[in-house]
Amino acid sequence: MQSLFRRFSYDGAATSKNQRKAASSTLSSEDAKLTASKRKVLQGAARDLSRNFSVAAWAIRKHLDFVSAFKFQSRTGDASLDRDIESLMAWWGRPENCDVAGRHGLPRMLRLIEERRTVDGDVFLLKLTGQRVRGKLQAIESDRVVDPRQDTGRPAGENWVHGVSVNDAGRALGYAVHKRIRGGKGLEMDRVVSARNVIHHGFYDRFDQVRGVSPLAPAVNAFRDVYEAADYALAKAKVSQMFGLVFYREAMDAAGTLDNSTDPYEVDFGRGPVLLDLEPGDKAEFLESKTPATEFQSFAQLMISLALKSLDIPFSFFDESFTNFYGSRGALLHYQKSCEAKRADVKDVLRKLTAWRMSLWIDDGLLSLPSGVSLSDLNWEWIPAGLAWWDPAKEIRGDVEAIKAGLRTRSEIRAEKYGDDWLDVVDQLARERDALEERGLMPDADFAPADADEGVDNAEDK
């Protein structure tokens with residue numbers, strides 16, 4: 001029977017050997033827990049999984065599908081100014097204008113930096129302002145930011161945490177960027193860049209954490225266990241396919257020298273169906289191995305489900321037959337809720353990039369603002385990619401009723417389902433109506449007749 005003290009205490013703080021292994025009482029920052037050498041091992045393991053294990057690679061891509069796709073929308077209220085800003089943003093989003101290497105446009109670059117944050121823990125974007133590279137971005141992968149060696153002339157007295165120079169409050173002052181030595185032989189010091197020119201995008205769980213840690217960290221071993229076990233199961237399955245035929249015979253004589261020439265049974269399965277006419281008392285059986293075992297399949301499903309939880313991905317995404325429609329719908333809604341905080345991180349990166357790029361356009365005279373309007377007065381929005389209706393007939397009716405009741409707006413629903421602005425749809429509808437009228441065609445009705453919903457309901461009832 002538990003004592004009163006045990007009944008009202010924290011089990012997680014227990015130190016008795018009779019309960020479970022005691023947790024470490026040494027408390028430190030995440031940067032101290034994940035040392036430079038351990039960080040390299042963790043990043044290497046996560047990268048290996050993304051390269052070689054299809055389930056891990058799929059989980060990362062699914063995370064990116066929901067988190068990293070956005071559409072820009074200017075919200076100044078001035079239609080002409082909005083068109084100018086959106087046109088400039090579309091121009092800058094091209095690979096030759098956005099990426100200093102000229103390989104990736106802004107949408108793909110955004111997907112890649114979120115992928116590197118997910119796999120490596122964090123990633124860095126360097127904003128370039130030189131004459132030839134003005135307004136372009138240089139992506140710096142996580143492993144290229146490490147502490148500079150003393151012999152590279154790093155300033156004495158600075159506090160370095162995994163390649164980041166920080167002040168006493170933990171604020172980043174600069175980043176030690178290294179470049180790769182050809183042939184994969186390591187890194188060499190390149191330069192220290194000021195923190196004001198860098199956007200640091202990472203996953204954080206602690207206030208005093210300087211470097212990000214991959215959310216895959218708790219799942220790396222689970223993914224690797226499934227990956228390795230699948231290899232073993234496949235090897236076993238291949239061996240089982242090389243079946244053998246075993247003859248059992250009743251013989252009074254002792255077994256002598258094995259000689260196939262004296263074997264009364266010669267069987268060749270390559271010639272088609274075979275009829276075995278055995279002697280009385282003899283029998284033949286195939287060697288058989290039931291692989292993969294049901295237990296292994298259940299274990300693999302459990303481990304995959306646990307590993308997917310590191311990215312909050314429901315198992316029904318992996319196995320569509322795992323649950324019914326309503327279960328899948330519920331899992332999707334919960335997953336979309338978990339994506340909100342991750343999208344907010346990406347939108348913060350986009351906010352900083354947009355403000356920086358607009359300031360350069362204004363300085364360069366490419367963007368002219370109305371009199372009395374400054375950069376701080378401009379409003380814009382990055383809208384996440386929408387997710388279309390699962391059951392259009394029912395969901396559209398529900399959305400229409402929500403609009404009529406004043407519970408939701410058309411813009412809100414349009415952004416949620418299609419990732420754009422309803423006002424753009426209005427403009428497009430007006431252009432289509434004008435084109436129809438110019439050709440003497442009857443424009444479509446703006447909205448369905450008032451009794452349209454009733455007709456649908458009655459048809460369903462019948």
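1. Helix H7 covers residues 106–120, and its 15 residues reach 20 Å from the first C-alpha to the last, close to the 21 Å expected at 1.5 Å a residue, where the expected span is 1.5 Å times one less than the number of residues. Helices (H or I, at least four residues) and strands (E, at least two) are DSSP runs numbered from the N terminus. The buried residues of H7 include Leu106, Met109, Leu110, Ile113 and Arg117, buried meaning under 20% relative accessible area, exposed over 50% and partly exposed in between, with a 1.4 Å probe and protein chains only. Glycine 121, which follows H7, has a positive phi near 110°.

2. This is a predicted model, in which local features need pLDDT of at least 70 and side-chain atom pairs count only at pLDDT 80 or more, while totals for chains, interfaces and linings use all residues. Residues are numbered from 1 along each chain as its sequence is written, and side-chain values use heavy atoms, with hydrogens and water left out.

3. The protein has 15 helices and 11 strands, and buried residues make up 32% of its 462 residues. Of the contacts (heavy atoms within 4.5 Å) between residues at least 6 apart in sequence, 63% join residues at least 24 apart.

4. Strands S6 (residues 172–180) and S7 (residues 187–194) run antiparallel and are joined by seven bridges; two strands pair if DSSP finds at least two bridges between them. They form a hairpin with six residues between them, and glycine 183 in the turn has a positive phi of about 90°. Lysine 179 stands opposite glutamate 188 in S7.

5. The largest cavity holds about 30 Å³ of space, a cavity being a set of points on a 1 Å grid over the protein atoms alone where a 1.4 Å probe fits but cannot get out, with lining residues having an atom within 4 Å of a point. Its volume is the space filled by probe spheres set on the points, which are joined across faces, edges and corners. Asp120 and Gly121 are among the lining residues, and helix H3 (residues 36–52) gives the largest share of the lining, three residues.

6. Histidine 162 has a positive phi of about 50° although it is not a glycine; this residue lies in the loop between S4 and S5 and, at 12% relative accessibility, counts as buried. Aspartate 312, also not a glycine, has a positive phi of about 65°, and is partly exposed at 35% relative accessible area.

Conventions. On a 1 Å grid over the protein atoms alone, a cavity is a set of points where a 1.4 Å probe fits but cannot get out, and a pocket is an open set with protein on both sides within 12 Å along at least five of seven lines; lining residues have an atom within 4 Å of a point.
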